[in-house]
Amino acid sequence: MDSRDSKEGTEGAASALGRPWRAPHDHSGPVFVSGRGSWLVDSGGHRVIDATSGALNVLCGHGVEPVLDAYLSQLRELAHIDMSQGLARPAHLLADRLRAARRRDGERFFFANSGSEAVELAVKIASLYWAAAGPAAGSRRQDIVTFERGYHGSTALCQSLSGLPQTSSTPDRCGAGVHHLTFGEFTGEGLRSQQARRHIAGQLRAILADSHAGTVLVEPLLNVGGGIRLPEGLLGDIRRICDEYGALLVLDEVFTGLGRTGAWFAHEHEGVRPDLTAFSKGLTNGVCALSAVAVDNGVLERLPSGSIVSYGHTMSASPAACAAASATLEHMRATGAVAEARDIGARLLSVLGRELRGADGVLDVRGQGLAVSVELDSADTAGNVQQTVYDLGAYTRQQGGTVMLAPPACLSSGEEERLVDHVVTAVRKSGQRKVRNRR
Ligand SMILES: Cc1ncc(COP(=O)(O)O)c(C=O)c1O
């Protein structure tokens, strides 16, 4: 086959490329050719502020030299080793640094590649924990509780943990029963109300009392489910209820982990101590794939001695990926990225809230750190707003009826002003169109 045929690299429907989460021939959307700092450039030469941070994983901005240098020099030194057979120093170093960042003694870190794999690994360890409790107790406690609107990844098991419409065609592959927490009648601002908090805490208590489910898996901020920040205090309630019923609390911090919400991990905002934490985005600043699960010693000590965590991938804990992650942690510390995420995010939320709450077509403005969502009255409205924002010069992330702003922490004050301005202009324009159409 001559690979240098004239169609090589073709864009559009004739391309050989199949895309994630799209119809196989759907090649709509911009083609990007370069990224630096907070900016992306598309193939037409149009420059936009990247308010998506890649796939929410480029927290420090594109092209961070110390991270690239660390990755490339480890690639040259020793790109890979099979960690199930031998060891390499970059993984040890990264585990120690993560332990220091979490300020928690007695945690151990297991590495995988994607967020989905980290969640599966966490579920697997929870399942081993319950199996170790003995056949009678263990089999009763294998059930898992998740949010119906939670998203935990795209492997068959992870999709089967979610109740989102995108995952509903996935066959039920989770060996255990899955019980869903719902927001019930709460919508818009109500999603983060204290009434919603009581509603969800009550459901969790009822599920744990009736089903003996042993694992509760929660995102502190529901990403794909609509950028929903849990009601204040709820994560603490969930921890207390898990303790009451002896259930494990597994946090899916794949998206929130490493700085996104203005803390290294989102659970720090509520002083909650999870039993297991899966995280990934932000670990290598988008340079390569890496994910991790932090496991509390209390969990590991309950496993029978010598028991094996039968999980791993060819590229698990790759030295080059671990070197990139250690350099990312160092860069985040040196630039104060976590505090920047907190402060920039607080300003974005405050200004967008003031300008847009109550505007035509806007149901809510919510968020935490650099994950600010504007919920609009339909997916069509969100699509129109997203397109106008793009034309004006910023790239946002659409999830159903919600437009999310998740820029990197290196956003300058000028870029911040532009981003806000573009979003406010686009939402107002869309509102004016609606008013005209109603007349
Ligand atoms: C909360 C959450 N969990 C899991 C995942 C899956 O991660 P990955 O796409 O790396 O498999 C995502 C990805 O968006 C996520 O946001």
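**The ligand site and its surroundings**

Modeller: In this predicted model, the residues that surround the ligand are Ser-114, Gly-115, Ser-116, Tyr-151, His-152, Gly-153, Glu-219, Asn-223, Asp-252, Val-254, Phe-255 and Lys-281. Sorted by class, this shell holds 3 nonpolar, 6 polar and 3 charged residues.

Ser-116 places a polar side-chain atom 2.5 Å from an oxygen atom of the ligand. For Asn-223, a polar side-chain atom is 2.9 Å from an oxygen atom of the ligand. In the side chain of Lys-281, an N or O atom lies 3.2 Å from a ligand oxygen atom. The ligand taken alone exposes 390 Å², and the protein buries 84% of that area.

Next, the division of the chain. The protein chain has two parts, domain 1 (32–63 + 336–438) and domain 2 (66–335). Their centres, taken over C-alpha atoms, are 27 Å apart. To the contact between them, domain 1 gives 32 residues and domain 2 gives 30 residues.

The largest nonpolar core contains 57 residues, and Phe-111, Leu-352 and Leu-419 have the most contacts inside it. This core lies between domain 1 and domain 2, because both give residues to it. Apart from that core there is another of 25 residues, including Val-145, Leu-181, Val-216 and Cys-242.

Leaving out residues up to four places away in sequence, Phe-111 touches Ala-91, Leu-94, Ala-95 and Leu-98, among others. Its contacts also include Leu-290, Ser-291, Ala-292, Ser-316 and Ala-317.

Key: Residues numbered from 1 in each chain as written. Predicted model: local features only at pLDDT ≥ 70, side-chain atom pairs only at ≥ 80, totals over all residues. Heavy atoms only, no water. Near = heavy atom within 4 Å. Polar contact = N/O pair within 3.5 Å; in protein donor to acceptor, adjacent residues only side chain to side chain. Areas by Shrake-Rupley, 256 points an atom, 1.4 Å probe, with all protein chains shown as cover. Nonpolar A, V, L, I, M, F, W, Y, C, P; charged D, E, K, R; others polar. Core = buried A, V, L, I, M, F, W, Y, C linked by side-chain atoms within 4.5 Å. Buried < 20%, exposed > 50% of the residue type's maximum accessible area, 1.4 Å probe, protein only. Domains from an automatic or database assignment. Contact = heavy atoms within 4.5 Å.
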